[in-house]
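Here are my friendly notes for your first look at this model. Please keep the view open while you read, and follow the strands one by one.

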Amino acid sequence: MQKRMIGKSGIRVNPVGLGCMGFSHAYGYAMDEQETITVLRQAQEMGYDFFDTAEVYKGTLADGRLSWNEEVVGKALAPVRQQVVIATKMGIRINPDQSLSTDARPEAIRKSLEGSLKRLGTDYVDVYYQHRIDPAVEPEVVADTMARLIKEGKIRAWGISEANEDYLRRANAVCPVAAIQNRYSMMARWHENLFPVCEELGVSFVAFSPMANGFLTGKYTKAGQFTDKKDYRSKMPQFTAEGEEKGKQLLELLQELADQKKVSMGQLSLAWMLCKKPYIIPIPGSRKVSRLKENFEAARVVLSPEEISRIDRALNRMELPVFGGSKLVSK
């Protein structure tokens, strides 16, 4: 399995990374800490070497205790720290109404990083992301802070989540951006306009929610199945009755293609982006070891340019659910 470079950073990882958010955050009650550690270690043993977390990923265990994702990721990966790449993020606070407050001031970045280093139990972060663009702070200021942190050895590379072209270009001119991390899947293709920019600047595209939060696996097709208000999927458009109806044609296409390739629907959806561009690195997440293995093996599925083009043409003809982002509010 050929590794992929994260931008021009010199950091190489296997083609499929692991999004760790769901162990602690957004999908109902957090998973038991020891169970999470066990699953993460099994993931590393099967080949995962790129693990993604964030300072805001935290949730509640069934017994009411707090589960902080960075802490459990750090504990799990401590024995293999030199063999893995850890990415985390800073710059947002989740408000009670689920809106986001942003803060990318230099002093806030440094404070967040120190907290993340402590929780992760490490003295450096491999890839440090700005979690969302802060309209109150210029990209040049953020980039200059990241450059200083790289020089100090506290981070190896940096990136931007939910980046747009203007912000990316301005930031990259000050300190090379290694990666952007944006939503991307067969149901969310609006960031494809950034592909030429990534190619021009040598920036990797880390795809979060690459299977539309599990919808593209074909395993979650019953509208209204997510009743727990702590589970963000309960409010996602693809899991509503209308979204299910709109996504039905896509699932049928995926099933047909997966059967032809003798792979799962989830593997087919990951292979579609992996074979499309060599700088795309999807980071699907799951709490199940069997699903993690399935996702990792998607990198072995080969789709030709002609097959990818046929899929894209079919997607262009479909009316798919419209995704909305979290509302940003001023500090």
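1. Strand β4 (residues 50–52) runs parallel to β7, and three bridges join them. Phe51 has Ile86 as its bridge partner in β7. Strands here are DSSP runs (E, at least two residues), and helices are runs of H or I with at least four residues, both numbered from the N terminus. Two strands pair if DSSP finds at least two bridges between them.

2. A word on the source: this is a predicted model, in which local features need pLDDT of at least 70 and side-chain atom pairs count only at pLDDT 80 or more, while totals for chains, interfaces and linings use all residues. Residues are numbered from 1 along each chain as its sequence is written, and side-chain values use heavy atoms, leaving out hydrogens and water.

3. β7 also pairs with strand β10 (residues 125–130), in the parallel sense, over four bridges. Here Lys89 finds its bridge partner in Tyr129 of β10.

4. Is β7 buried or exposed? Six of its six residues (85–90) are buried, so β7 is largely enclosed by the rest of the structure. Buried means under 20% relative accessible area, exposed over 50%, and partly exposed in between (1.4 Å probe, protein chains only). In a regular strand, side chains alternate between the two faces of the sheet. Both faces of β7 are covered: Val85, Ala87 and Lys89 are buried on one side, and Ile86, Thr88 and Met90 on the other.

5. Now the whole sheet: eight strands form an open sheet with parallel pairing, in the order β3-β4-β7-β10-β11-β12-β13-β14. β3 (18–19) and β14 (280–282) stand at the edges with a single partner strand each, so one side of each has no neighbour in the sheet.
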